[in-house]
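Here is a short briefing on one predicted model. It covers chain contacts, helix packing and backbone geometry.

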Amino acid sequence: MLMFFLSLQFIMKWLFKFDKDKWQKRQRQMQKNLRSMESIRKIKRELILFFKRNHEFFHVERCIEDAAGDPIAIQKMFDSIPVMVRDMMSGNESFQLAATARVSFLLSTENPPIDVVIQSGVVPHFVRFLIEQYGFQHKLYSVSALYAIGKGSLEQAVAVIKHGAIPMFIRLLCCSEECYQLKELVAAALGSLANQSPDFRDYVLQFGTLTPLLSLLDNHLEPPMLHEKITLLRACSNTLAIVCQGNPAPSFNQIRSALPILRRLIHLNPPVGVIGDVFEDACLCLSYLSNGSAEQIQALIDADVCARLVMLLGFSDGKIVEHVLRTVGNIFKGVDSQIQKIMDAHIIPSLLYLSQSDNYDVEVRWDAACALSNAARRGSNEQIRFLVNQGCIGPLCDHILCPDRKTSILCLKGLKSVLKASEIMHSTRNLYTLIITDFDGFGKVEKLQSDPDIGEMAMKLLMKYGV
Amino acid sequence: MEVTQVLLNAQSIDGTVRKNAEESLKQFQEQNLPGFLLSLSGELANEEKPVETRKLAGLILKNALDAKEEHRKFELVQRWLSLDGNAKSQIKASLLTTLSSIVSDARSTASQAIAKVAGIELPQKQWPELIGSLLSNVNQQPAHAKQATLETLGYLCEEVPPNVIDQDQVNKILTAVVQGMSASEVNTDVRLAATRALYNAIGFAQANFINDMERDYLMRVVCEATLSPESRIRQAAFECLVSISSTYYEKLAAYIQDIFNITVKAVREDEEPVALQAIEFWSSICDEEIDILEEFGVDFTGDSDITCFYFIKQALPALVPMLLETLLKQEEDQDQDEGAWNIAMAGGTCLGLVARTVGDDIVPFVVPFIEENIQKPDWRQREAATYAFGSILEGPSPEKLIPLVNVALNFMLSALTKDPSSHVKDTTAWALGRIFEFLHGSAVGSTVITQENCQQLGTVLLQSMNDAPNVAEKACGALYFLAQGYEEVGPSSPLTPFFQEIVQSLLTVTHREDAGESRLRTAAYETLNEVVRCSTDETAPLVLQLVPVIMMELHNSLEGQNLSSDGREKQSELQGLLCGCLQVIIQKLGSSEPTKYVLMPFADQVMGLFLRVFACRSATVHEEAMLAIGAVAYVTGADFAKYMPEFYRYLEMGLQNFEEYQVCAVTVGVVGDICRALEEKIVPYCDGIMTQLLKNLSSNQLNRSVKPPIFSCFGDIALAVGEYFEKYLMWAMSALQRAAELSTHVAGDDELTEYTNSLRNGILEAYSGIFQGFKSSAKTQLLIPYAPHILQFLDGIYMEKDMDDVVMKTAIGVLGDLADTLGSHAGSLIQQSLSSKDFLNECLSSEDLMIKESAEWAKLAISRAISV
């Protein structure tokens, strides 16, 4: 029995993985069971020696706290990187931990010595410290170091990937223990790697990052919403948004599984604070996912998001409205049935309203106009009739001289499409020219004739339909 | 000087005369030692002198050669060795002459004195002719001289280690002894002396026991002697058999059947002293077989050089009935006499050992006896049955025993309350205690005690607290083990509902008028302590309530004034029990944060009481109070500083107590406790403490067992005060260095090796404490000059190859601490040392987890030291 108690390092190694709180609890427990003063003495003496020998470990937090913002202390720590490297390569976990913490701290300072750290050869050790046997704190410091390196230049990030960090990260995300803080950091680290380039992003996705990310989001949406739970959600949603974007875009098949969760996320209530950020990330994701083929748009519609999207256009948060407008605009690029689906959700009044609203940034008005233009360009004649009846010619005319060229062009194209449809539908007289004239549409188009890109289109339109 | 008269006066009934005589003897000795010893030996040898003076002269001579205390003995040995050679020769010649004196007291005293001289001189290769001259004409001597010679040989074998006498001389001694023992020797005294001499010589007969013929002969002679008409010879012969059984177990196979027959006869028919030895023979065989089987159990490789012959297992069907018979031979008053030892008790003890040796196999042999006797009207039969049952509870498997216990338990509980015989109740309570000791507790995982019968058990045991003192004492013992079984029971203990009642009953017992008998009061406090120790968080408030109660008891014990010396002794004993109880309570409540804080408010009062306990005595301090103060220090932490001004003088007094060295040792331990509690606040007292500790180390009078803890205490102080230790560094280091030199290059018996290892451990703990205490201070360079010696010391003990695991672990840790603190300053030194190579590698591949850990620490520290 005493033998067991005396083996402090053994206890720390296998039972508590350097979790200090638990360890202290255990220490109290074992003192409770000691029977004689003599055995207490023996243990106390061992303990003090143990504390002294592992001074580095027991004082690492204070040492880092003291060094923060103190350039001399930081420089001193920087100079001792070789000792830290040796400690990390040793078999002593408490020294490994203390060294990892120090290096990780140095990497969090203003001028992180990323290259020095990479050249010292410890990156594989950081990765190694992510395996089961090491404690929570140890993993946290290691991930944070890898995160810092992954945020560096492309070449620096390569060092992280090269030593197999990604599969270890994913294992951590999957682990059954809660450890929100660690998972948050891992999610962020994966995001920073994916953010480096589309190649990196695809690499991250290939290892199956999405599944644990989505299940974390899925599992942590229930109350109580503890702070650390919310920040974990945010890190996951942020990384999710990162892996959904980029040019070239990721293969849709790799990310379509996100849709059910995104639908849940855009129903979060109330979307304020960090939850608001998660919400916004979800909207952003939808805007990326909707930007693609008809199949992709169909997937979105099948995910049953249209009605919610219409509701979201009434939100006061301009960012969210902007992302939704992009999504809607993308859906309008789909086939007739898809356009019909969203029009049936009574989207048009909201778009008309937004195209003229002063409540948001000007971009919202433009995006709303673009969305209407997309509908007008891609919709069937019947759908165009519906649009015109709803009053969408006004906004198109309003924004035709928009300082944003893209909006301007889209509005011109939209008008052209409306006029074309009218030509077919109204054989005797192009009825819609009258409405356009009412909004001084042709007058505005006239002003575009000198435009180097679209001047010709404007001229043709005037010649064909102008009064 | 007319020594005869002085020696006569020294035995006078008149105190003044006696005192004067003692004084002049002392003066004589101091002024002229050789002359003094010569006249003593002359007196002893002189047939014309009165027997009393001859005897006293011999006695004084003998005492001038040996003493109990280690250091005194050493002085006397040195004194004799440096004595003038002529004088020594004369003294020895006189002694040898005395062996043929017709006065038996003179012969006997001379025998002992010769053995003492031999004990000093033979290991020094002096007096080589002694054995030869003793044996030269042993067969031509008259019987009385022959007897004296044999007696001398016996004493000699007792005094001298076996390796000192060469085989040739051993053979001669054994021949003389065996001749003296043989049936052809007509003189009883000679035969007795020879038999007793053989007892002491058995350890010398290693080679003779290997030789089949010689062994057969020796065994035959011993066995024959067990049949001698003289009972003292029979007893001595059985004592020889006992000694042979433990020394030459592996050679007994051929004789065991005969020995069995002899012992059975002795147990059944012989006088008690002989019968006791006959039983002892089987107990000794059990001890041997238990050891062998245990060793075998630990180490399955089976390369142990001793095989088990399973003598007990084979003898079981005949041995057990014989032992059971003895159980019926109780004495009427054996329960009242603490030192009682009789054939029934020896038989029961042996039965217990047999049970441990053979395990389950004993059960079927004993159960019928229990069943037959347990309900008989004669108390002897009921008691014997209960005793038999209690004796076999250790050894057999729980699976085998639990069904029996389940059947017996209720019967036993009712016997404990209702049996008319106090003997039966006494043994029943004892047997219940054994049930709880071996068949109850989380380690056994048995179901003997359930939530339901626990209540009943508790009630019956508490009821028995009112019984006769011997029964109540056994009931306390049973309760002790009942409580102990619930030690690791978790948050809730089945004893919780009766906790208050148990405590109350035990306190009541301590107040019984007759609590002084059968050590009842002590047992009650021990049980109370165990109940507290094994209590759970649930009952912490009740334990806390006990604090003021025990404090009040202690307070009351301080009131008694003008006590007689007997009264004072009793008072001191009671205070010891109360301080011990408070220590346990403080330790218990101090071990968890919440209860520690509720205990805090009592600290001042408790300390006040302890200081008063100290003040009660003038010259010495109270050991238990000292220990309890150590417990207080852990509870109060740095706040203990406020008690130091008053407590310090007692601390110093304790450290100065060389006579009662346990007190000194306890105090040294408490210094360590206080260091850990006060940390740098100990500084103001360090001068005094360090001075005293250094003084203790250089004293020859202090028992050596206190020295290793003193060294460890250096480490504790250094860890507490850090670089402030600089002040004492030089002194401490030179004391350590001297001790370190003494603790390498020692060859000796197991006891010496054990001591050497504890000394090394103390030294090493001191080094570790000093290095870690100085670590990351600006003064680490002060330690650099000591590094070469410390590394040499480590290399030295490594090369001795006799260190135990604890030393190994501590030693390799010191290597790490040295590297850790000195860093690059010691890099190359360390790399040159043997310790950093072979020793470290050996430790790294050790199977002992703690050694391995220490070694890994050292490896890391060294690698860091050389990486900078």
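Between chain A and chain B the count is 7 salt bridges. A search of the whole structure, over all chains, finds 60. The model is predicted, and every value below is computed from it.

**Interface of chains A and B**

- The contact involves 33 residues of chain A and 46 residues of chain B.
- About 3,400 Å² is buried between the two chains. Carbon and sulfur atoms account for 54% of that area.
- A:R41 and B:D673 join their side chains in a salt bridge, at 2.8 Å from N to O. This pair crosses between chains: A:R41 sits in helix α4 (residues 37-53) of chain A, and B:D673 sits in helix α33 (residues 661-678) of chain B.
- A:E56 forms a salt bridge with B:R864. Their closest N and O atoms are 3.4 Å apart.
- Side chains of opposite charge can pair when their charged atoms come close.

**Helix packing in chain B: α38 and α39**

- Two packed helices are described by the angle between their axes and the distance between the axes.
- Helix α38 (residues 787-800) of chain B and helix α39 (residues 805-822) of chain B have axes that come within 11 Å and cross at roughly 155 degrees. α38(B) is therefore roughly antiparallel to α39(B), as the angle is over 145 degrees.
- α38(B) passes α39(B) in a left-handed crossing.
- From α38(B), the contact uses B:A787, B:I790, B:L791, B:L794 and B:I797. From α39(B), it uses B:V807, B:A811, B:V814, B:L815, B:L818 and B:L822.
- By class, the residues of this contact are 11 nonpolar, no polar and no charged.

**Helix packing in chain B: α37 and α39**

- The axes of helix α37 (residues 750-774) of chain B and α39(B) come within 9 Å, crossing at roughly 20 degrees. That angle is under 35 degrees, so α37(B) is roughly parallel to α39(B).
- The crossing of α37(B) and α39(B) is left-handed.
- Residues of α37(B) in the contact include B:R760, B:L764, B:Y767 and B:F771. Among their partners in α39(B) are B:V807, B:A811, B:V814, B:L818 and B:L822.
- The residues of the contact of α37(B) with α39(B) divide into 10 nonpolar, 7 polar and 4 charged.

**Helix packing in chain B: α20 and α22**

- Helix α20 (residues 379-391) of chain B and helix α22 (residues 422-439) of chain B cross at roughly 10 degrees, with axes that come within 9 Å. With an angle under 35 degrees, α20(B) is therefore roughly parallel to α22(B).
- The crossing of α20(B) and α22(B) is left-handed.
- α20(B) contributes residues including B:W379, B:R382, B:E383 and B:Y387. α22(B) contributes residues including B:H423, B:W430, B:R434 and B:I435.
- The contact of α20(B) with α22(B) has 7 nonpolar, 6 polar and 3 charged residues.

**Backbone geometry in chain A**

- Most residues other than glycine have a negative phi, and most peptide bonds are trans.
- The peptide bond from A:N247 to A:P248 is cis, with omega near 0 degrees. A:P248 is placed in the loop between α18 (227-244) and α19 (252-255) of chain A.
- A:D304 has a positive phi, near 65 degrees. A:D304 lies in the loop between α22 (294-302) and α23 (306-312) of chain A.

Note on methods. Residues are numbered from 1 along each chain as its sequence is written. Chains are lettered from A and ligands numbered from 1 in the order in which they are written. This is a predicted model: local features need pLDDT of at least 70, side-chain atom pairs count only at pLDDT 80 or more; totals for chains, interfaces and linings use all residues. Side-chain values use heavy atoms; hydrogens and water are left out. Axes are lines fitted to C-alpha atoms, for helices over the stretch in contact, and angles run from 0 to 180 degrees between N-to-C directions. Helices (H or I, at least four residues) and strands (E, at least two) are DSSP runs, numbered from the N terminus. Angles under 35 degrees count as roughly parallel, over 145 as roughly antiparallel, 65 to 115 as roughly perpendicular and the rest as oblique. A crossing is left-handed if the near helix is turned anticlockwise from the far one by less than a right angle, and right-handed if clockwise. Contact means heavy atoms within 4.5 Å. Ala, Val, Leu, Ile, Met, Phe, Trp, Tyr, Cys and Pro count as nonpolar, Asp, Glu, Lys and Arg as charged, and the others, Gly among them, as polar. Buried area is the accessible area (1.4 Å probe) that two parts lose on being put together, summed over both. A salt bridge is a side-chain nitrogen of Lys or Arg within 4 Å of a carboxyl oxygen of Asp or Glu.
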